[in-house]
Amino acid sequence: MRKSLNINSLPVLIFAAVLTGCSPVYTDPQSGILEIGFTVSGQEAVKSADPGPDVINDLNIFIINKEGIVEDHRYIRNSVSYSTRLIKGLEYTAVAFANFGYDVKGFDTYDALKKYRYHIAYPDEYSRGMPMCGKVENINLKDKKIEVKLERLMSRISLRIDRSGLDKGIEFNVMSVSIGNCPRSVCPLTKSRAENNMDVFKTGFMKSFGEADALNMDKSPGLSGEVCLYMLENMNGDLLPEAETDRDKMLDKNPAMSEVCSYIELRAEYKSKEFISRPEEYLVYRFYLGHG
């Protein structure tokens, strides 16, 4: 799974079975048919408001030879089966993109495909399913079964609040949680980071009011329930590891790393004997996300 903060890796399994006894009329003794069937297993249930982990609405499939040339590319929708003809004795790589919503055309080589960036129009764009990617290498017609792990291109960030350290009588109610500097694009096949401040949503995936209520309800003494946020990978992280004081953690204006590093923003109402936050003037907390 792409790593960010408290990420739960949710693999999708693709099974490919070689049907050695199935041949077309125009049998070529130097080639054979590889049949690939797509199934989803091992997924956790999620709330309907969150991305469905087991949805595959469309697939871009690339078959790449040992020289790095794309020999076959198919875009399929509403189907979980695919077949391609491979030459016996040679090795191939299969790459699959799931739920991108369109035909990823124009890539003749593996090197070019590795540079491809998938873009989203809005932070929670997963109506057709969570975007995913996977690959399997060293395919040949001697294989009886091939298993590919598809990984989510959106990391799941799980949040809980520990109020056990608050003094008695203090109220701290979360009104919203969101991801700031949320990436607009991702490289499916390589480590990915926001390229500049135009490649992020200033306010990204958000849960507010009723959607954030779990953070205001104790599941155990002092510890709240859980709320999950989602974002594409952003490897701008591990900020200033040599920092020893809060002043050392200030980012330089040039380069403007603060404009491309993702963070969690939490807005809350606060009430104590000495202080009450005004309506819609919330306390704001920000936590930058590194990569693990």
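Q: Is Glu265 buried or exposed?
A: Glu265 is buried, at a relative accessible area of 9%. Buried means under 20% relative accessible area, exposed means over 50%, and partly exposed is in between, with a 1.4 Å probe and protein chains only. This is a predicted model: local features need pLDDT of at least 70, side-chain atom pairs count only at pLDDT 80 or more, and totals for chains, interfaces and linings use all residues. Residues are numbered from 1 along each chain as its sequence is written, and side-chain values use heavy atoms, with hydrogens and water left out.

Q: What does Glu265 form a salt bridge with?
A: With Arg267; the closest N and O atoms are 2.9 Å apart. A salt bridge here is a side-chain nitrogen of Lys or Arg within 4 Å of a carboxyl oxygen of Asp or Glu. Arg267 is partly exposed, with a relative accessible area of 32%.

Q: How many salt bridges does the structure hold?
A: The structure holds 6.

Q: Which residues are linked in a network of salt bridges?
A: Arg117, Glu195 and Asp199. The Asp199 to Arg117 salt bridge is 3.4 Å, N to O. Asp199 is in the loop between β12 and β13 and Arg117 in the loop between α1 and β7, so this pair ties together parts 82 residues apart in sequence.

Q: And where does Glu195 lie?
A: The Glu195 salt bridge with Arg117 has its closest N and O atoms 3.8 Å apart. Glu195 lies in the loop between β12 (185-186) and β13, while Arg117 lies in the loop between α1 (110-114) and β7 (118-119), so the pair ties together parts that are 78 residues apart in sequence. Helices (H or I, at least four residues) and strands (E, at least two) are DSSP runs, numbered from the N terminus.

Q: Switching to strands. What order does the open sheet of 4 strands have?
A: The order is β13-β11-β17-β18, with antiparallel pairing. Two strands pair if DSSP finds at least two bridges between them. The edge strands, each pairing on one side only, are β13 (200-208) and β18 (283-288).

Q: Over how many bridges do β11 and β13 pair?
A: Strand β11 (residues 171-183) pairs with β13 over 6 bridges, in the antiparallel sense. Val177 has Lys207 in β13 as its bridge partner.
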